[in-house]
Structures are given as C-alpha cells and as structure tokens.
Amino acid sequence: MRFEHCPPIFIFFFLTKIEILTDFQRLSSRIIVAQHFSFNSQQKHIPMESAILPCKTIVPSKISEYPSKFKAFSRIAQQKLTNDAYLKGLCNHGRLTEAISSLDSCGSTVSPATLSSLIESCIDSNSLDLCYKLHATVKKWVKEPDPFLETKLVGMYAKCGSLDDAFTVFEEMRQRNLYTWSAIIGACSREKRWGDVVELFYWMMKDGDVIPDNFLFPKILQACSNSRDAETGRLIHGMAIKLGLCKELRVNNSILSVYAKCGLLSFAEKFFERMEVNDRVSWNAMITGYCHAGQINEAERLIESMKEKGLEPDEITWNVLISSCNHLGRCDVAKKLMNAMETCGVKPDVFTWTSMILGFAQNNRRLEAVKLFREMLLSGVVPNGITVMSAISACSSLKDVRKGKEVHLVAIKLGHGEDVLVGNSLVDMYSKCGKLDSARRVFDTMAEKDVYTWNSMIGGYCQAGYCGVAHDLFKQMQESGFILPNVVTWNVMITGYIQNGDEDEAMDMFSTMEKNGGVKRDTATWNALIAGLLDRGQKNKALGIFRQMQSCSVKPNSVTVLSILPACANLIAVKKLKEIHCCVVKRSLESELSVANSMIDTYAKAGEIEYSKKIFAKMPSVDIITWNTMTTGYVLHGCADEAIELFERMTRQECRPNRGTFASVISAYGLAKKVEEGKRVFSNMIEEYQIVPCLDHYVAVVNLYGRSGKVDEAFEFVANMASEESEDVSIWWALLTCCRRHGNVKLAIHAGEKLLDLEPDNNETLFVRKLVLQLYDLRGISKESLKMKRKETTGYSLGRSWMEDKNTVHTFVSGDLRQLDGKSLRSWIERVESCNKESQYRDMLSIEEEDEEEDEESVGIHSEKLALAFALIKSCRESTPRTIRLVKNVRMCGNCHWFAKLVSKRHGCEIYISDSKCLHHFKNGVCSCGDYW
C-alpha cells in the first residue's frame with residue numbers, strides 16, 4: 001500500500017486532555033506519542049513519554065517492512081501533519097495571532113489547506129493587521145504560490161475592506177483562472193465600483209485565457225446596468241449568444257436589466273418577448289425600466305399583463321413602482337399603489353413605508369411624511385434606521401421639535417439610539433430647531449461619530465450665530481486626530497462666519513484651508529463665499545471671487561451660477577451677465593431648468609427681454625417657475641399683450657397657474673387697461689383655483705383700476721378688503737399713485753393721510769407729508785389739522801445714478817457738476833429743454849410734484865439728466881450704439897421722466913432707467929410704464 005493513500009492524523013488540543021485518533025493500518029494497538037507539548041501554566045507538566053492512550057485495535061493480516069527511505073519520508077510527513085493540525089487547532093480556539101506567529105516557525109511544512117484555513121480565520125476576524133502579518137509570512141515561505149492560494153488572498157483583502165490590497169495581489173499574480181477573476185470582480189461588485197468591474201471585464205478579455213461563465217456574466221452585466229454602459233451590455237449579449245448561454249435565465253435577466261436601466265426600452269421589450277421563460281425577475285426588470293424612464297402608466301400596464309400570465313406581483317415589484325413614483329414627485333399615485341398593494345394581498349414591508357416617508361419628505365410634504373410614520377407604527381411594521389432618519393429629517397425641515405422628540409423616543413425604544421445615521425439626524429434636527437443644548441447632549445452621548453456628526457453640530461452653532469463655540473469644536477475636531485475636518489466642515493465654518501458678518505474671518509478660513517488644513521477647496525467652498533458676499537451686498541467682491549474661481553480652474557456648477565446671477569440683475573451689469581452666460585454654455589449648464597429660469601429672470605431685469613425670449617424658446621421642458629418668470633419679465637417691460645398671450649398658452653398646455661402667475665397676469669391686464677378681463681381672472685383665481693388672494697394680488701387689482709382711471713372703484717375695492725391686508729402700506733401707495741395720476745385731490749389726501757399713519761420713518765414719509773400739505777392748500781384745509789404720528793425725517797435722499805461705459809461705472813450725483821465736464825453737461829441739458837418748452841412736463845394734479853428727491857431748484861440738475869447728457873455727448877463723438885442704461889437709487893421725478901421721453905424721441909435712442917419703483921424703457925418718446933409709476 002502506498003503511504004500517500006493513508007488517512008491523515010488529526011490532533012486536537014483541549015485545556016484538560018489530549019485525544020489522539022488514529023486510523024493507520026498495520027499499526028500496533030498502542031501508540032506512544034514522543035513529542036513534547038506545552039500546556040497552560042496552571043496545568044501540571046505531564047511528560048508525554050508516559051502518556052499512553054488506548055484506541056481500537058486493528059489486527060493486521062500481514063505486516064511488511066517499509067524501506068528505510070520511506071521511513072524518513074514518513075517522519076517528515078508526520079511532522080507536516082502535526083504542524084497543520086496544531087495551527088488548525090489554534091484557529092479553532094480563536095488564537096489566530098498565535099497561529100500566525102507559529103506559522104513562521106513551521107516554515108514550508110504547512111499545507112495549502114491549512115493556509116486556506118488561516119486565511120478564512122483572518123476574514124472572520126475582519127482584521128487587516130492580521131491579514132498583513134499572514135500575507136508577509138506566506139510570501140516568506142511560499143516562493144511560488146499556486147493560483148488557488150493567491151485567489152484566497154485576493155478574497156481575504158477584499159472582504160476585510162482593503163480593495164486596493166486585493167488589486168495589488170491580483171496584479172502580481174502570474175496566472176489567473178476563472179475563480180481569480182470571479183473573486184476580484186465580485187469584490188468590486190460588493191463595493192459597487194461598477195466602473196472597475198467593466199474595466200476588469202475588458203482586461204480579462206484582453207488576457208484571453210479565461211472566458212466568463214453563466215455565474216460571472218450576471219455580475220458584469222449588473223455593473224453595466226448600474227453604470228448605464230449599454231455598449232458593453234450589447235457586447236456581452238453577443239458573447240452570450242456565441243457561447244450558447246442565451247438559454248440561461250439568469251444571464252437573460254441580466255441582459256434585459258441592462259437594456260431596461262439604460263433606457264433602451266424598445267430593445268428591452270423585444271428581448272423580453274423573445275425570452276423562452278419569464279420569471280418575476282424578468283417582469284421586475286421591465287417594470288423597473290419603465291419606472292426609471294418616468295413611464296408609470298406603462299409600468300402599471302405590465303403589472304396587469306403579469307397577472308394575466310399567472311404571476312402575482314411580489315414585494316419587489318410593488319416597491320419598485322412605489323419608489324419610482326415617489327422619486328418622480330408623484331406621491332399621491334404612490335399612495336394609491338400602496339393601497340392597491342394591500343388589496344392584492346401583499347403587505348407593505350419596511351422598504352415600502354420607508355420609500356413613502358422619504359418620498360413625501362423630499363417632495364415638501366413633510367407633515368404627511370410624519371403622519372405616515374405614525375401609520376407605519378400602528379400597522380405593526382417595525383421601522384429601520386433609514387425610516388427613523390427620514391422621519392426625523394421631516395421634523396427638522398418642519399422645525400417641529402415636539403414631533404422630533406416623539407420620533408426620538410421611538411428611535412430609543414426600537415434600539416436605534418446608537419445608530420450613527422439616526423444620531424446625525426437628531427443633532428441636525430435639534431440644531432435647526434434652535435435647541436442647541438439638546439443637540440449637544442445627543443452629540444456628546446454618541447459612542448460613534450462620523451464627520452457628518454461633527455459637521456451637523458458645528459453647523460448648528462454657526463447657524464445660531466455662535467461662531468466662537470463652532471470654532472472651538474472645529475479645533476477640537478482637528479486635535480482629536482481621529483476624524484479630521486473635511487471640505488464640508490471648512491465650508492460650514494466659512495459660511496457661518498460670513499453670514500454672521502465676520503467677513504475677515506471667513507476670508508482667513510478660505511485662504512488657510514489648503515495651506516494649513518490640507519483640504520483642497522471645492523466648488524461649494526467658492527459658492528459659499530460668493531453667496532455670503534452677495535447677501536452682504538458686496539456684489540463687486542462676489543464677482544471678483546467668481547473670476548478668481550475660474551482662473552483657478554475650478555469649474556462652476558449650477559449652484560455657483562444661481563448664486564452669482566443676482567449680482568447681474570441690473571441694467572449696468574449686462575456685460576457681466578453675458579460673460580456668465582458664456583460660462584453656462586461652456587459648462588453645459590443651460591439644460592438645467594433652475595439655471596435657465598434664473599437666466600430668463602436676470603436678462604429681463606437687466607433690460608434684455610429679447611435674450612429672455614430666446615432662452616425660453618429653446619428650453620426643452622418648462623415648469624411653473626419658467627412660465628411665471630417669463631410672464632413677469634414681460635410685465636416688467638410693459639409688454640402686456642405678450643404676457644397675456646403667454647398665460648393663455650400656459651393654460652392651454654394644462655399647466656396649473658399658482659399665486660405668482662395670477663399676480664403677474666392681473667398686472668398685465670392693468671397695463672393693457674383691460675379691467676373686466678383682469679377682474680375675471682381675479683375671480684377665477686379664487687373660485688376655480690381655490691387660491692386665497694395675498695397682498696400682491698390686491699396691489700395688482702388696485703393698479704388694474706388705477707391705470708384705467710377708475711379711482712372710485714379702486715377705493716371701493718380696498719374698503720371691502722380684509723382689515724389686515726388693507727392696513728399694508730403697499731395698498732395705499734398704489735392708491736396714492738392712482739389719485740396723483742388722475743387728479744383726484746380728495747382721495748389723494750385720504751391715501752396720503754393713511755400712509756402717514758402707517759409708514760415708518762424714512763424719506764418717503766417726508767415726501768408724502770409735503771404732498772399732503774400742498775393738497776391741503778388746494779382744498780383750503782388748515783395745515784394744523786395734519787397730525788404727524790411719527791417723527792419727521794431730516795431730509796431727502798440724495799439722488800444718484802450709475803452708468804457703465806467701457807467697463808467703467810460712472811456715478812452721477814444730483815447737482816454735482818464738479819466731475820465729467822459738468823459745465824458741458826449743463827449747457828447740453830439746458831439747450832434740449834429750451835427747444836421743447838411747449839411740451840414741458842405738467843403734473844396731473846396741477847401742482848408742483850413732490851418726489852423722493854428734492855426739486856432741481858433746490859438741489860440742482862438731477863443725476864439721470866447728467867448721465868443722459870454724458871452718454872449722448874460721448875455717443876455723438878464716438879458714434880457708439882445709442883442704447884443707454886442707467887440705475888437710479890430713488891424714484892424718478894416726473895420732469896426727468898418727461899426729459900427722458902424727449903431725448904429718446906429727438907435722438908432716436910433707447911433708454912433704460914431702473915429706479916426704486918420700476919423699470920422704464922423709453923423709445924420714440926414713449927415709456928413702457930405708460931406714465932404710471
């Protein structure tokens with residue numbers, strides 16, 4: 001009998017006894033073990049020479065002598081088996097560190113099977129340190145490891161969380177088999193590194209030694225699905241056909257999933273129909289594809305077809321459909337599907353409820369999300385950590401600390417109090433609700449914290465204005481050495497400082513984060529600084545940071561654009577706006593709906609309504625904000641007919657108007673002097689659309705009457721308003737403008753007196769008081785009867801106008817002729833006015849009009865006249881385009897309004913002037929405001 005056919009000796013170690021089982025043929029009935037074993041120090045040392053263990057006697061039929069050479073080999077084999085058993089015994093008793101240390105002394109006598117057991121033990125321990133020690137010992141003694149052992153090492157590193165080390169072992173392998181490729185691809189799949197899986201597939205094909213089988217192909221196809229790599233999916237489809245795998249249901253389902261998830265629904269439909277066998281996985285793949293494409297109706301049709309084929313939808317089918325509806329914002333449809341799910345006998349599970357709660361919370365229906373959480377508890381379904389986190393987040397957005405505390409108690413009872421995600425949500429919720437003490441208690445009691453935990457607590461302090469405490473926590477985080485501040489932490493600190501008025505500290509953090517903090521600025525860092533500067537009114541600094549951002553090769557994103565665009569929403573920033581527009585096109589951001597909407601709004605406010613129209617016309621899809629923004633732009637420019645036509649077009653496309661829509665449309669009817677149509681729209685808003693009017697709607701209706709001279713109707717409308725709304729200054733300013741424009745002295749006095757009663761101390765109060773005093777003179781009313789209930793202001797605002805010319809912004813101050821060749825400007829203005837005395841401006845009330853700015857006899861020539869003179873004189877010299885854009889800080893007076901109309905007609909130029917009331921567009925002697933502002 002050959003020696004290698006003999007069964008091995010298994011040696012097991014216990015703390016109190018040693019039992020040796022043998023099964024060697026032709027051995028004597030007693031075995032004396034002559035090897036020395038060391039026991040625990042607490043045990044007595046028993047010489048193994050005297051240890052005689054009984055075993056079953058096998059009487060040999062014939063005993064033959066072994067050759068001397070074989071006896072030597074037997075001793076080596078016995079030693080090897082003894083080492084293997086010893087190491088396995090240590091592993092079985094959890095003494096892995098000791099086993100790895102002993103391996104070094106055992107050397108090359110250890111079998112691959114034992115090494116495999118040690119590797120499995122390292123995986124069970126999930127200790128990378130032990131993995132490194134074992135691997136180092138293996139490399140020392142095993143000079144030429146076989147693919148099996150190397151494959152086990154790849155799996156060991158991958159399962160212990162070090163995919164990079166797994167790749168290192170994989171790349172060093174001289175020979176790779178199917179199991180090796182399956183191990184590394186499976187590891188990447190578990191980590192959801194789908195791109196790496198696809199790259200490994202191409203590497204595998206390039207090597208050419210191994211072809212994937214029906215188990216490996218589905219993993220690669222899953223990566224194609226999740227990375228939306230339809231091209232690779234098609235390639236594998238062709239390979240599957242050539243390899244004869246097209247009848248494997250698992251492979252077919254994976255191919256179907258690729259086509260469905262990649263949006264190739266026509267391919268998916270054809271492939272699905274040609275499949276010999278369809279199971280629930282096949283149907284679910286098709287339903288998922290239609291759901292991801294937003295075709296919920298088609299997905300519901302498939303469910304009905306599935307039922308007709310005798311397959312009832314399972315939890316996965318319903319959950320995919322419900323989750324997709326919530327993701328698309330169709331929460332009501334998702335709720336109906338959940339009810340249908342129960343009707344079909346499928347009980348909603350924790351995933352269903354979590355999807356519903358998360359969907360409602362993310363679609364601004366947070367109160368309903370909290371109610372759903374309560375329903376879930378009553379239904380007996382136990383929430384998981386994600387469910388609890390979603391409910392807490394909903395309470396956080398609602399700033400409802402009472403409901404948040406209720407969810408907190410539920411989390412503790414269910415054992416989720418130690419969950420990091422739940423803890424982070426609680427810190428965030430308490431911080432946003434202003435309960436910093438509660439937030440800090442949760443923070444301090446969390447046994448495990450991640451960087452988000454620290455960021456939430458620091459952000460809470462910053463939001464509450466305690467930047468000093470936030471900075472202390474930031475320093476503590478840096479000094480802890482365990483979790484260092486990341487880019488979000490730095491961004492939170494920068495935002496906190498600049499929002500609380502400490503611009504210097506914000507800039508200091510911004511400049512030192514890369515040098516001292518070792519954290520690279522990202523786009524959000526620049527966005528935080530830009531948004532903060534704009535909030536503080538530092539438009540030029542914000543634009544400077546934006547340019548610096550581009551020079552540092554940091555790519556702006558949609559948030560950057562949305563932050564910086566408000567800085568360009570004025571008449572003298574058109575060049576900057578076009579510069580940003582170029583950046584938007586270059587970064588392919590124009591397809592983002594929010595960016596396009598903001599561009600429409602900004603161009604309209606910058607006086608470029610034509611650009612707004614072009615952007616609107618090219619948009620592939622629009623929402624209610626798009627319609628409202630374009631309508632408001634038309635109203636701003638006095639384009640009443642275009643605004644009304646757009647509203648009618650919107651309703652034809654079944655887009656439901658909202659509050660903002662009606663405010664703009666009523667204003668458009670006012671511009672067009674179509675009172676009855678405007679009144680009908682206002683009534684429809686209340687009766688048909690069930691929208692409660694707000695202040696903007698009331699002001700629009702007053703202007704609707706006022707522009708058509710229906711002063712009495714306007715006052716009657718205000719008299720019938722709710723007392724709360726009728727006490728707002730905006731209503732009475734609209735009425736005062738109406739009376740001034742149409743010469744109704746009696747009602748003008750009433751509106752003026754009401755404003756004096758309501759308006760706080762500012763320059764407009766002085767203007768109203770002086771106007772009312774003049775009206776008293778006209779009516780013969782004693783001035784002593786005017787009761788000022790508030791302290792008078794000291795004077796008017798000094799009028800200023802700004803104009804951009806050749807990248808330089810010029811400032812003009814009323815009455816200041818000391819700069820920009822003031823004498824030439826004055827003579828030019830006087831010459832224009834003297835030539836048109838017959839059309840000199842006269843106020844409708846036949847009194848000297850009072851404005852927010854003092855008259856020219858008191859203060860000198862108004863700033864907008866100086867700016868117009870400067871622009872026209874320079875235009876004649878240089879033959880520059882005759883479009884003049886001005887921004888003024890106070891309301892434009894009637895005389896200057898008449899002057900601008902005169903200049904636009906006489907010189908054939910277009911003039912845009914934006915004052916504190918509205919945007920004026922003068923062309924051919926006509927203003928877009930209709931002389932009503």
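Here is a quick tour of the structure above, topic by topic.

This is a predicted model, so local features need pLDDT of at least 70 and side-chain atom pairs count only at pLDDT 80 or more, while totals for chains, interfaces and linings use all residues. Residues are numbered from 1 along each chain as its sequence is written, and side-chain values use heavy atoms, with hydrogens and water left out. The protein chain has 46 helices and 10 strands; these are DSSP runs numbered from the N terminus, with helices being H or I of at least four residues and strands E of at least two.

**The chain as a whole**

- Of the 933 residues in the protein chain, 48% are buried. Buried means under 20% relative accessible area, exposed means over 50%, and partly exposed is in between (1.4 Å probe, protein chains only).
- Take the contacts in the protein chain between residues at least 6 apart in sequence: 63% of them join residues at least 24 apart. A contact here means heavy atoms within 4.5 Å.

**Aromatic pairs**

- A search of the whole structure turns up 22 aromatic pairs. Rings of Phe, Tyr and Trp (its six-membered ring) pair if their centres lie within 6.5 Å; planes under 30 degrees apart count as stacked, over 60 as edge-to-face and the rest as tilted.
- Phe510 and Trp526 make an edge-to-face pair, at 4.9 Å centre to centre and with 85° between the planes. Phe510 belongs to helix α26 (residues 503–515) and Trp526 to helix α27 (residues 523–535), so this pair ties together parts that are 16 residues apart in sequence. Both Phe510 and Trp526 are buried.
- Phe616 and Trp627 have ring centres 5.6 Å apart and planes at 70°, so they also count as edge-to-face. With Phe616 in helix α32 (residues 609–618) and Trp627 in helix α33 (residues 624–636), the pair ties together parts 11 residues apart in sequence. Phe616 is buried at 9% relative accessibility, and Trp627 is buried with a relative accessible area of 2%.
- Phe682, Tyr698, Tyr705 and Phe717 are linked into a cluster by ring pairs.

**Charges over rings**

- Arg234 lies over the face of Phe267, 4.7 Å from the ring centre. For a charge to sit over a ring, NZ of Lys or CZ of Arg has to be within 6 Å of the ring centre and within 35 degrees of the ring normal.
- Arg741 has its charged end over the ring of Trp933, 5.0 Å from the centre.

**Helices that pack together**

- Helix α36 and helix α37 pack at an angle of about 160°, with their axes 10 Å apart. The axes are lines fitted to C-alpha atoms, for helices over the stretch in contact, and angles run from 0 to 180 degrees between N-to-C directions.
- That angle makes α36 roughly antiparallel to α37. Angles under 35 degrees count as roughly parallel, over 145 as roughly antiparallel, 65 to 115 as roughly perpendicular and the rest as oblique.
- Where do α36 and α37 meet? Val675, Gly678, Lys679, Phe682 and Met685 in α36 meet His697, Tyr698, Val701, Leu704 and Tyr705 in α37.
- Helix α38 (residues 711–719) and helix α40 (residues 729–742) pack at about 165°, with axes 10 Å apart, and are therefore roughly antiparallel.
- On the α38 side, Val711, Ala714, Phe715 and Val718 meet residues of α40, including Ile731, Trp732 and Leu735.

**Two buried histidines**

- His135 is in helix α4 (residues 128–141) and is buried, with a relative accessible area of 10%. Leaving aside neighbours within four places in sequence, His135 is in contact with Leu153, Tyr157 and Val169.
- His897 sits in helix α46 (residues 894–907) and counts as buried at 2% relative accessibility. Not counting residues up to four places away in sequence, His897 touches Met892, His920, Phe922, Cys927, Cys929, Asp931 and Trp933.

**Positive phi without glycine**

- Gln690 is not a glycine, yet has a positive phi of about 55°. Gln690 is in the loop between α36 (675–687) and α37 (695–707) and is exposed at 61% relative accessibility.
- Asp931, another residue other than glycine, has a positive phi near 60°. Asp931 is in the segment after β10 (926–927) and is partly exposed at 31% relative accessibility.
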